[in-house]
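I set out to record what can be looked up in the structure shown below. The entries are kept in the order in which I made them.

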Amino acid sequence: MIGQQMKNALKHPDYFKVAELFTVEDLFNARVHLGHREGSLDNHMKQFVFGSRLGHLIIDLDQTAVLLRDALNFTAHIAFRGGIILFVGRLPNHQFIIENTAKECGEYSHTRYWQGGVLTNSTIQFGCITRLPDLLIFLHTMNNVIYQHYAVRDAAKMLIPTVGIVDTNCNPNLLTYPVPGNDDTTSSISLYCNVFKMAILRGKEKRKELLGIQ
């Protein structure tokens with residue numbers, strides 16, 4: 001019975017009503033549309049660029065809204081099924097926001113240096129059989145200005161689904177759910193953290209209702 005209800009949830013286009021968590025205006029006010037300078041554009045991000053202004057790229061928020069809602073819906077379904085979700089970030093000025101967000105929705109975060117093998121060689125790293133995350137949410141997909149975060153590659157190797165905010169200098173190809181948007185400003189990171197937290201909490205609330213947990 002419970003299994004059937006979980007399957008039925010997959011047939012609904014927006015079972016957790018994540019579409020109402022934000023508007024395109026919210027994205028604009030949070031400066032999600034602001035990309036990097038024109039010379040730093042990754043070729044794989046051209047499809048998400050609306051244009052440029054004063055030498056800076058502008059991200060198409062209509063596309064961002066659609067892709068972010070898809071990512072939120074998937075995230076809520078992972079939480080609904082009791083999955084483990086790991087928030088990942090790399091910028092020091094956003095560590096507190098990301099770690100707090102994970103704590104508030106009962107999930108996990110990693111905002112420090114990523115040690116190779118955490119996902120791909122976890123048994124050796126931790127000295128025992130370890131359950132890996134069911135979803136990684138990247139608030140930044142770059143380790144630094146040049147290199148992609150190693151966890152993006154490692155998650156792809158281990159077939160772990162990923163959601164990632166991709167600025168105009170990022171490569172979205174290895175991400176399951178890439179979301180084009182500014183990954184530098186505190187306002188944009190705060191918006192992402194808030195909507196992902198709400199999606200996770202909605203998924204968990206539905207799970208409690210289904211299992212009859214108070």
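The entries below cover the sheet, its helices, the salt bridges, the backbone angles and the cysteines.

**Entry 1. Basis.** I worked on a predicted model, in which local features need pLDDT of at least 70, side-chain atom pairs count only at pLDDT 80 or more, and totals for chains, interfaces and linings use all residues. Residues are numbered from 1 along each chain as its sequence is written, and side-chain values use heavy atoms, with hydrogens and water left out.

**Entry 2. The sheet.** I took helices (H or I, at least four residues) and strands (E, at least two) as DSSP runs, numbered from the N terminus. Two strands were counted as paired if DSSP finds at least two bridges between them. Which order do the five strands of the open sheet have? I read it as β5-β4-β6-β7-β8, with parallel pairing. β5 (108-110) and β8 (177-180) are the edge strands, each pairing on one side only. From one strand to the next, the twist averages 20°. For angles I used axes that are lines fitted to C-alpha atoms, for helices over the stretch in contact; the angles run from 0 to 180 degrees between N-to-C directions.

I then looked at the pairing of β7 with β8, which is parallel and runs over four bridges. I165 has V179 of β8 as its bridge partner.

**Entry 3. Helices on the sheet.** I treated heavy atoms within 4.5 Å as a contact. Helix α3 (residues 61-80) packs on the sheet and touches β4 (85-88), β6, β7 and β8. The direction of α3 makes about 140° with that of β8. α7 also packs on the sheet, where it touches β4, β6 and β7. Its direction makes about 175° with that of β4.

**Entry 4. Helix α6.** Which residues of α6 (residues 150-157) are buried? I found A151, V152, D154 and A155 to be buried, where buried means under 20% relative accessible area, exposed over 50%, and partly exposed in between (1.4 Å probe, protein chains only). An α-helix has 3.6 residues a turn, so residues three or four places apart point the same way. The cover of the buried residues of α6 includes β6 (135-138) and β7 (162-166).

**Entry 5. Salt bridges.** I applied the criterion of a side-chain nitrogen of Lys or Arg within 4 Å of a carboxyl oxygen of Asp or Glu. How many salt bridges does a search of the whole structure find? The search gave six, and I noted three of them, as follows.

- E20 and R202 meet through their side chains at 3.0 Å, N to O. This pair links distant parts of the chain, 182 residues apart: E20 lies in the loop between α1 (2-11) and α2 (24-29), and R202 in helix α7 (residues 186-211). E20 is exposed at 53% relative accessible area, whereas R202 is partly exposed at 22%.
- E104 and K197 form a salt bridge at 2.9 Å, N to O. They too link distant parts of the chain, with E104 in helix α4 (residues 95-104) and K197 in helix α7, 93 residues apart. E104 is partly exposed, with a relative accessible area of 46%, while K197 is buried at 17%.
- D134 and R131 form a salt bridge whose closest N and O atoms are 2.8 Å apart. D134 counts as partly exposed at 27% relative accessibility, and R131 as exposed at 53%.

Entry 6. Most residues other than glycine have a negative phi. I therefore recorded K17, a residue other than glycine whose phi is positive, near 55°, and which counts as exposed at 52% relative accessibility. K17 sits in the loop between α1 and α2. L159 is likewise not a glycine and has a positive phi of about 60°. L159 follows α6, in the loop between α6 and β7, and is exposed, with a relative accessible area of 74%.

**Entry 7. Cysteines.** How many disulfides does the structure hold? I found zero, a disulfide being a pair of cysteine sulfur atoms within 2.5 Å. For C193 the nearest cysteine sulfur is that of C105, 9.1 Å away. C193 is buried at 3% relative accessibility, whereas C128 counts as partly exposed at 41%.
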